[in-house]
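Visitor: I am new to this one. Could you show me around?
Guide: Gladly. Here it is.

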Amino acid sequence: MKRLPISLVIVSAAAASQLGATNCGQVTRDPGFDLWCGDSLCAWKVERGDVERVPTWNEGDPGVQLVGTDTAIEQLTPVTSDDTTCIKFTLIANIDLDANVALNIDVDGDGTIERTEQLPTSSWKPLEFLIAIDAPYSGVRFELAKTGAGSAVLAEIDAVTSTDCDPSLPKISAFPAPLGAGCNGSADCTSGYCAVDGTFLPGDGLAATGVCVGCDGAATCGSGDVCGAGVAISAVGGVPWQCVPAGAKDLGEICVQDAECATGICTGGACSTCHTGSAGGSDCATGETCGPDWMTGFDLFTPYVCNPNGMARASGQPCASDDDCMSGTCSGEPYSECSDGRPCTNASECPLDSSLENGDCNLIGVTGGVCR
């Protein structure tokens, strides 16, 4: 497989920081449904229907009631095959005979349910079961779905890493895997391409196993497209290489190579107006130096411009922040990033940290900016 002509190299520690993505073996956050933000669960997302906070057999330990005849809550977790290939579930619930409750398991968090575990009718009876998942995988979305008129109250559903899965236990397989998920070879991927080396894009965290990508840097894109930075399908997947329109990305947008950018320059993982370290010459005027414009850490996933934040750009010239302009005003599309450099519109799109919570989505500049 050919490697892309990437001018940026990410230190391996950036990828390694994504590994071991559990909280000391704890896979789910708030397994006892104790955290409420007003009338909504904080750690679990209501996918459809409604929920209520209700007492359980222990009035001091409330649970969640799935209200209505079609209700579902979900939680995306960052557990990967580097953590475990076996997950132990413990469950305490009160489920009526005329209520149908299922635990749906979506490996890689791409919206496809690979396994459904039917929860039995019960009256606060503790249940335990094991689930084995084929490696590699990168994250799991758990969905609790209820249909029917009967009552269903969940007091606890806990998931932890385990070594108790018997080799004979059927494994959940998510192959072929979606873009951004882990892979060992091209046959593992829906796209038919597994980047086993040279992956640098933010959030992959899968350097040891590879990442499913949409193109391989060779002749895999059609006319008018280039192999560049794509879009992550979930917070637990990496940002994959994909075929994107040539020259369509504005100053500040994430990129892999020069051909993606309207400026014709990709530096620091973002479309830029100059190359790293250039002073004078073809990129910057005499006395100006090319440097990172945004404070992102490691000077990555930030546009490189001449005299960054030096208030040197006149009206009508390109900019990435207000401080680039003599006027103090850079007009463009507001741009936010996660801590790993991927673009975002809200925190739910950012990778989860060691506490199993999404990282921050921070407004850091503008794309396609012009000084006013």
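**Pocket and strands**

Guide: This is a predicted model. The lining of the largest pocket has 17 nonpolar, 8 polar and 9 charged residues.

Visitor: How large is the volume of the largest pocket, and which residues are closest to its centre?
Guide: The volume is about 790 Å³. The lining has 34 residues, and the closest to the centre are Leu 76, Ala 235, Ser 348, Glu 349 and Asn 358.

Visitor: Which elements give two or more residues to that lining?
Guide: They are strand 2 (40-41), strand 3 and strand 4. Strand 4 gives the most, with 3 residues.

Visitor: How do you know that strand 3 and strand 4 pair?
Guide: A pair needs at least two bridges. Strand 3 (residues 45-54) and strand 4 (residues 63-80) have 8 bridges, in the antiparallel sense. Therefore they count as paired.

Visitor: What makes strand 4 and strand 11 a pair?
Guide: The cut-off is at least two bridges. Strand 4 and strand 11 (residues 152-161) are joined by 2 bridges, so they meet it. They run antiparallel. Gln 65 has Val 153 in strand 11 as its bridge partner.

Visitor: And why is strand 10 called a partner of strand 4?
Guide: Because 9 bridges link strand 4 to strand 10 (residues 138-147), and at least two are needed. The sense is antiparallel. Leu 76 stands opposite Arg 141 in strand 10. Leu 76 is also among the residues closest to the centre of the largest pocket.

Conventions:
Residues numbered from 1 in each chain as written. Predicted model: local features only at pLDDT ≥ 70, side-chain atom pairs only at ≥ 80, totals over all residues. Heavy atoms only, no water. Helix = DSSP H or I, 4+ residues; strand = E, 2+ residues; numbered from the N terminus. 1 Å grid on protein atoms, 1.4 Å probe; cavity = no way out; pocket = protein on both sides within 12 Å on 5 of 7 lines; lining within 4 Å. Points joined across faces, edges and corners; volume = space filled by probe spheres on them. Nonpolar A, V, L, I, M, F, W, Y, C, P; charged D, E, K, R; others polar.
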